[in-house]
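Hi,

Here is the structure I said I'd pass on.

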Amino acid sequence: MAKILEDISRTFSEYLLLPNLTTEQCIPTNVSLKTPLTKFKKGEEPKYSLNIPFVSAIMQSVSGEKMAIALAREGGLSFIFGSQSIESQAEMVRNVKKHKAGFVRSDSNVKTGTKLKDVVELVKRTGHSTVTITDDGTARGRLLGLVTDKDYRISKADLDDEINKYMTPIEKLVCAKKGITLSEANDIIWENKINCLPIVDDEGRLAYLVFRKDYEERKNNPNSLLDAEKRYIVGAGINTRDYETRIPALVEAGVDVLCIDSSDGYSVWQKNTIDFVRAKYGNDVKIGAGNVVDAEGFRYLAEAGADFIKVGVGGGSICITREQKGIGRGQASALIDVVNARNEYFKETGIYIPVCSDGGIVHDYHITLALAFGADFVMMGRYFARFDESPTRVVKMGNNYVKEYWGEGSNRAKNWQRYDLGEDKEKLSFEEGVDSYIPYAGPLKDNMQVTISKIKSTMCNCGSITIEELHQKARLTLVSNISIQEGSAHDVILKELDKKL
């Protein structure tokens with residue numbers, strides 16, 4: 001006989017937080033949203049943490065390189081979608097790692113004697129206005145000079161001239177030695193009124209470039225999620241089919257964290273994928289797994305070696321898995337079950353595995369509820385798809401602007417690898433996601449600041465100034481439909497509605 005759970009499958013909208021004592025410390029400026037991204041042993045620090053508990057969904061309509069840069073700038077992480085060629089996904093990862101400033105590895109380099117027309121073509125192709133001239137034309141060659149697009153006028157210059165005619169030679173460049181701190185490098189830039197500072201080793205070989213423009217970016221975005229070389233941290237989604245070729249390409253491109261993208265993570269295919277990573281890279285490459293909805297699924301992926309585990313089946317706004325297949329679980333119930341299993345696993349092993357709540361978020365306060373239930377961070381698709389930085393088009397519908405938004409289970413995405421059951425098939429036999437529109441919301445930064453303000457304010461009401469403290473102190477209560485109605489504006493005529501009347 002089938003095992004039947006007596007408990008009702010609950011959603012976030014069925015719960016409210018109860019306020020705790022708000023002390024003098026509980027003010028939004030004191031709240032830290034830093035949270036672990038990858039597993040760690042008790043008493044140790046995780047290799048990767050998030051500065052805000054947000055990651056963007058592994059979706060074509062959500063997570064491209066622009067989203068990855070914008071979200072990392074705010075302290076979160078994007079998992080660049082994997083339903084594309086290995087080459088194009090690796091290139092997106094590479095572009096994100098190159099974008100961040102700090103100590104930048106130069107990728108616009110030429111040999112001495114190169115024609116100006118070739119340099120102009122290089123600038124056009126890369127979008128980088130600064131080109132280094134090295135003895136071998138590589139980013140590690142001996143530095144001979146530097147040229148920018150301000151050193152020549154295309155309309156006046158002879159494009160067959162050698163670049164030596166226009167470059168600033170090494171003798172006239174202000175350079176610094178490898179080993180200098182970023183703060184010291186910025187001081188040199190400002191003292192010498194230059195825009196670019198080459199960093200060279202003891203043999204005069206180029207190591208990095210530091211740019212003036214990046215100083216302001218770092219100053220204006222102190223929460224940015226950066227690696228040891230001050231580059232943005234970026235993730236990438238993978239599947240359980242071509243991982244033996246996709247993962248090495250992504251690692252070579254500089255990816256920081258991988259995540260298996262699947263509607264059902266409780267499968268041997270995910271274990272096989274994790275086994276491959278551990279055999280080839282040990283613990284150096286971090287990989288998340290999922291999605292699961294119960295303790296059994298969590299335990300399976302935890303023992304398989306996952307670095308974090310995603311929770312949620314069928315709760316996304318564009319997901320119709322429950323409707324099509326009758327499989328899934330209310331997000332609140334799934335999260336409660338998995339978090340309890342995570343806590344038990346931590347007691348048994350001393351290993352803390354972060355939990356990601358994926359799906360079921362309709363309102364901003366649902367994010368705080370997910371954290372209160374014990375999630376370490378949330379993955380969102382619809383939330384991020386609304387912004388300028390998502391890869392989709394802005395479309396005008398009537399008097400409103402919308403953005404396209406489609407699920408990975410839709411025929412448009414054709415991402416059948418996400419629903420892998422070990423069969424060979426070229427296309428989805430039925431859809432588990434829809435193709436839709438969502439209201440356009442503008443830039444990510446402005447919207448996220450509002451969301452973060454709400455989360456911090458709610459945490460203060462709960463007497464907590466860290467996510468870990470919220471896990472311990474949060475109190476939640478079930479609510480009825482009538483109490484939900486009571487919590488909205490009622491028995492009044494709203495001024496906005498009055499104007500329309």
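Strands β22 and β23 pair antiparallel over 5 bridges; strands here are DSSP E runs of at least two residues, helices are H or I runs of at least four, both numbered from the N terminus, and two strands pair if DSSP finds at least two bridges between them. Before you go on: this is a predicted model, in which local features need pLDDT of at least 70 and side-chain atom pairs count only at pLDDT 80 or more, while totals for chains, interfaces and linings use all residues. Residues are numbered from 1 along each chain as its sequence is written, and side-chain values use heavy atoms, with hydrogens and water left out.

Back to those strands. Val402 has Pro439 as its bridge partner in β23, and Val402 of β22 also stands opposite Val395.

Now the inside. The largest nonpolar core has 101 residues, and Phe54, Leu335 and Met448 are among those that touch the most other members. A core here is a set of buried Ala, Val, Leu, Ile, Met, Phe, Trp, Tyr and Cys residues joined through side-chain atoms within 4.5 Å, where buried means under 20% relative accessible area, exposed over 50% and partly exposed in between (1.4 Å probe, protein chains only). Helix α10 (residues 331-349) gives the most to this core, 7 residues. Apart from it lies another core, of 15 residues, including Val119 and Ile163.

What about the angles? Most residues other than glycine have a negative phi, and most peptide bonds are trans. Lys193, though, has a positive phi near 55°; Lys193 sits in the loop between α4 (182-192) and β12 (196-200) and is exposed, at 73% relative accessible area. Lys230 has a positive phi too, near 65°. Lys230 lies in the loop between α5 and β14 (235-238) and counts as partly exposed, at 33% relative accessibility. There is also a cis peptide bond between Gly290 and Asn291, with omega about 15°, and Asn291 is in strand β16 (residues 286-292).

Enjoy browsing!
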